[in-house]
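Q: Could you walk me through this protein and tell me how you know what you say about it?

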Amino acid sequence: MMKQTADVVVVGGGVMGCSILYNLASRGVTNTLLLERSVLGSGSTGRSQAIIRTHYSNPFTAAMAWESLQIYRDFQQRLGGPSGFVETGYFVMVGEDDREAMESNITLNRTVGIDTYLVSLEEAATIAPMLDVNGVTSVAYEPRSGYADPYAVTTTYARAARELGATVQMGTEALSVQVENGRVTGVVTNAGTVATDTVVVAAGPWAPPLLGPLGFDIPLEPVRHQVVQIQRPWDILPQHPAVADIATKASFRPDGDQFTLIGVGEDEIVDRDSFNPAVDLEPAAAAFERASRRMPALGQGYFRGGWAGLFTVTPDWHPVLDRVEGAEGAYCAVGFSGHGFKLAPMIGTVMSELVTEGEATSVDIKPLRASRFSEGDLVRSSYRYSVLA
Ligand SMILES: Cc1cc2nc3c(=O)[nH]c(=O)nc-3n(C[C@H](O)[C@H](O)[C@H](O)COP(=O)(O)OP(=O)(O)OC[C@H]3O[C@@H](n4cnc5c(N)ncnc54)[C@H](O)[C@@H]3O)c2cc1C
């Protein structure tokens, strides 16, 4: 039977909801209930390419990425379960058009304390001889970055939260947030109503049906993004770093010893409930070809298939981390726009601070407030390639 009352209800069992639930619990807020309509990680999280890098155009996202990386690296010790983190190193490669943007980002990222620097084309070829840097003007390198296993991370957060006393309820859908006289009083679900004065909506692409009736009107577009899986020729390409190649629009990372995952980058707005979760062969082949130009040995690899998932895209490709105005006690952590996974540990931290202390103290998240859109104070990226943010 579902819990009848909770101090906080978290809606959504993706990496964000589970990180928030754990971080609330670690601050002593344990009379909590997380509602997941399906199983943990079944939304965008389970389909993520899960690259963990720290290259960002703004100090607040860079700081969250850097702090989150430390948590991912130390996950077993801190959370008591695996994250699947693998350090591969991460390269950002640009042509002349984006050289200045990248150089200013590196200066900013280093100011935040991030271990990242520019490398010459010769140095890049020494660190990663499997890459062909033809056509590239500038290269930035992050030696400590890599990727993780999004399902392992999500379920580890959930288990750690449960061990501290939180409740996770799967197979239960939140239908609406109940508000009386401007205050949250409960969450209506398909298994009854839970009384609460605090709800955190972390429902990924499916947040609008819950937030819209509360007056939240920021567009959260479901954008389909595809991932291609290649079985690499391990005899000639046993390993390689993660790469964001803006020059040829290729983004790829290894997946264990045998596979490579390539982001396709032909993104389209779709229906969140009826999108095609498989890959389209033509753009998949084009992405495979682009990645093989940057890493020629990959061209001998074997196309194994792939999948598609949803980005939840806001007008400036940055999330909204805030209270929901007009419904006291309602909060949202939504709109991660295709780059949220790497930030998830710190999203849990700042959201739990916002809920328990009234404001986030670890990182200044005011630039990610909801009102920035009506105020015309959007977050800017140094690149035209929005997902790099
Ligand atoms: C293909 C792809 C590649 C990506 N690659 C990267 C990457 O390399 N690096 C990176 O940092 N990020 C990446 N991302 C983005 C990242 O995965 C997302 O930002 C992150 O997973 C979002 O997590 P979430 O918890 O907000 O959403 P979700 O994982 O979608 O979780 C929301 C959950 O809420 C549940 N839910 C929804 N509505 C309700 C309801 N009414 N009641 C109960 N439960 C509900 C859903 O079932 C779902 O499980 C990628 C995303 C995709 C799709």
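Predicted model: local features only at pLDDT ≥ 70, side-chain atom pairs only at ≥ 80, totals over all residues.

Q: How do you know that domain 1 and domain 2 touch, and how many residues are in contact?
A: By that 7 Å cut-off, 17 residues of domain 1 are in contact with 16 residues of domain 2. Domain 1 covers 8–47 + 151–220 + 316–388, and domain 2 covers 91–144 + 221–313. Their C-alpha centres are 28 Å apart. On the side of domain 1 that touches domain 2, the classes are 10 nonpolar, six polar and one charged residues.

Q: Why do you say that the ligand lies between the domains?
A: Domain 1 and domain 2 both give residues to the shell around the ligand, so the ligand lies between them. That shell has 39 residues, and the closest are Gly14, Gly43, Gly204, Gly309 and Gly340. Helix 1 (15–26), strand 2 (32–36), strand 14 (221–231) and strand 19 (302–313) each give two or more residues to it. Sorted by class, the shell has 17 nonpolar, 17 polar and five charged residues.

Q: What makes helix 2 and helix 9 parallel or perpendicular?
A: Look at the angle: the axes of helix 2 (residues 59–73) and helix 9 (residues 344–357) cross at roughly 110°. Angles of 65 to 115 degrees count as roughly perpendicular, and therefore that's what we call this pair. The two axes also come within 7 Å. Met64, Glu67, Ser68, Ile71 and Tyr72 of helix 2 meet Ala344, Pro345 and Met346 of helix 9. By class, that contact has six nonpolar, one polar and one charged residues.

Q: Why are strand 9 and strand 20 said to stand at the edges?
A: Six strands form an open sheet in the order 9-2-1-13-21-20, with mixed pairing. Strand 9 (167–170) and strand 20 (320–323) have a single partner strand each, so one side of each is left without a neighbour in the sheet. From one strand to the next, the twist averages 15°.

Q: How do you know that strand 13 and strand 21 pair?
A: Pairing needs at least two bridges, and three bridges join strand 13 (residues 199–201) to strand 21 (residues 330–334). So by that cut-off they pair, and the two strands run parallel. For example, valine 201 has cysteine 332 of strand 21 as its bridge partner.

Q: What does helix 9 touch when it packs on the sheet?
A: Helix 9 touches strand 1 (8–11), strand 13, strand 20 and strand 21. Its direction makes about 165° with that of strand 21.

Q: What makes strand 3 and strand 4 edge strands?
A: They belong to an open sheet of three strands, in the order 3-8-4 with antiparallel pairing. Strand 3 (51–52) and strand 4 (86–87) each pair on one side only. Two bridges join strand 3 to strand 8 (residues 146–147), and at least two is the cut-off for a pair. In strand 8, tyrosine 147 is the bridge partner of isoleucine 51.

How values were computed: Residues numbered from 1 in each chain as written. Axes fitted to C-alpha atoms, helices over the stretch in contact; angles between N-to-C directions. Helix = DSSP H or I, 4+ residues; strand = E, 2+ residues; numbered from the N terminus. Parallel < 35°, antiparallel > 145°, perpendicular 65-115°, else oblique. Contact = placed C-beta atoms within 7 Å. Nonpolar A, V, L, I, M, F, W, Y, C, P; charged D, E, K, R; others polar. Near = placed C-beta within 6 Å. Domains from an automatic or database assignment.
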